[in-house]
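Okay, thanks for coming, everyone. Let me put the model up and walk you through a few bits of it.

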Amino acid sequence: MRGRALAAFAAAGMALSAVPFFGLPAFYESFLYLVFHWIVLAASWNILSGYSGYFSFGHGAFFGAGMYTTATLATKSGVPFLWTLPAAGIAAAAFGIALGAVVFRLPRLRGELFALLTLAVTFVLATIVLNTPVDGGPGLYLSAVPLPAIGPSPSSTFYLLGLALALATLWIAREIQRSRLGTGLFAIHDDEDVAEVLGVPTYRYKLAAFGLSCGLAGIAGGIQAMFISYVTVGETFSIAVPLNVVLMSVLGGSRHWFGPAVGAAVVTALLYAFTAGDYAVAGRAAVGLILILVILFLPEGIFGELIGALKRRRVSVTPAIGTADLPAPSAARPGKSEGQGQPLLEARGLSKAFRGVQALAEVDLEVRRGEILGLVGPNGSGKSTLINLVSGHFRPDSGRILFEGRDLAAMEAHRIARTGLARTYQIPRPFAHLSVLENVALPAMFGRDALPRAEAGHEARRWLAFTGLGAKATSLPGELNLHQRKFLELARALASRPSLLLLDEVFSGLTHAEIDDAIRLIRAIRAQGATIVFVEHVIRAVMELTDRIVVLSYGRVIAEGDPRAVMREPDVAAAYLGKPHA
């Protein structure tokens, strides 16, 4: 697939690079250059904002940083034009990475706050440039800077530069979408916290995407500076640049690498068709109307809807895989776990408070290798908080969490996932825009074994067959019922081949028959050597499945031991039913 795509890109590049030698008027070459220019800006913006969902209105700032880098180096330092382009890309990328290194560390700066912050950065950078010797007010003239004769004419030179950068940007966008980085970015788009817990290094991935996005915009800015020959703050840092980029990406389809190219070509053609006549304002109004219609009726964009329609017509040919062929979910062989009965996970003095509410207080807990430990207690007792602390979703206020001798308390969630620990969520949290198969393949790619993409897909199919979801592989999670979404959570956790499986109320909301199915499934998992911590309110399931139970009440351990003996203790009965009063 990659070889054929590379050949297609090479063929397209060779065919399009021959256009200047047909003797077209300069207007057409300049128009096509502008199409390529906007393709670069839209596709580069999409690498971060379309893939990860971090909506940026600051693309004009990085584009402007590239323009002023080229203009300054070429006019004030005498650097040849082509040599300024790498510098323009590096300057824009460095600016973006420096900004992202701060912003991406702050979880509150997501969604609208991130968009507003990037918009503010554009105006801050414009003010700095305007009030320093970089610009100083009158702008920078590049008319005296020599243009290399790449094509037979100046307009064809810009055409070829734009074409080369557009093809390179689209290839980078395509490779990212099909890579581990792209899978991680799409998971961040749907649920960043869950992506981190499943092993995606969200901070590093966002920073890499932001740097690439800004660097490509900076190179496009460098070429554009030479094209217009006169760089001013007002035109460079205009709000029109990010608005057009967003419009193009959304119109074409931001979840596919080629969507922004379609949107950029359509919008550029529309704007210039109207501008060439006497209806420039009507052209902008038409583009705005088209955007509204696309949002209402084509939310995935023109190209996105086309790809979606083609996918829906495909018939799944995935062969059925028997559960007998499944690998053990633990590192040990099924039924022959080394160190059986030895401590696998230990919590010591674990505490966590939320705005003054003590969710856990000095909790000590031990999970032994090969057992199913039940974690029970009334609502609000701290069970899910304990799971969240162990999996890295939250950081403990104090205490230690030892897993196979390593202290997890200070580790980031994605590193914890790679130690061989996996979890489900009480309320299923699948990635809504990824298929069932892609949901399960993701932890196989980012978990302990970090499987290559193709192997992760095969692993995902095996666990879908194990949980009875093989026929739903190409469906979206929204098409599943609650029972199936619960089993999807389970398949997703198993795909990382964990040594310890944390199950957070997998039976809640299920019917009696569905509970029976889930019990059989967990028994099959246990038979393959897994160690399980089982948080549950369905007492029948607790009694049938667990070897030991630990009872929490108001964030403290009040009892532990044999399930039947513990459930008869007065303190446990009082925790569930309340104390009797005369």
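**Strands first, then a cavity**

So, strand β3, residues 343-354, runs antiparallel to strand β4, residues 357-368, and eight bridges join them. Pairing here means that DSSP finds at least two bridges between two strands, and helices (H or I, at least four residues) and strands (E, at least two) are DSSP runs numbered from the N terminus.

Quick caveats: this is a predicted model, where local features need pLDDT of at least 70, side-chain atom pairs count only at pLDDT 80 or more, and totals for chains, interfaces and linings use all residues. Numbering starts from 1 along each chain as its sequence is written, and side-chain values use heavy atoms, with hydrogens and water left out.

Back to β3 and β4: they make a hairpin with two residues between them, and arginine 355 in that turn has a positive phi of about 50°.

Now, which β-strand gives the largest share of the lining of the largest cavity? That's β8, with three residues. A cavity, on a 1 Å grid over the protein atoms alone, is a set of points where a 1.4 Å probe fits but cannot get out, and lining residues have an atom within 4 Å of a point. The lining includes Val197, Ser391 and Arg423.

Terms used. 1 Å grid on protein atoms, 1.4 Å probe; cavity = no way out; pocket = protein on both sides within 12 Å on 5 of 7 lines; lining within 4 Å.
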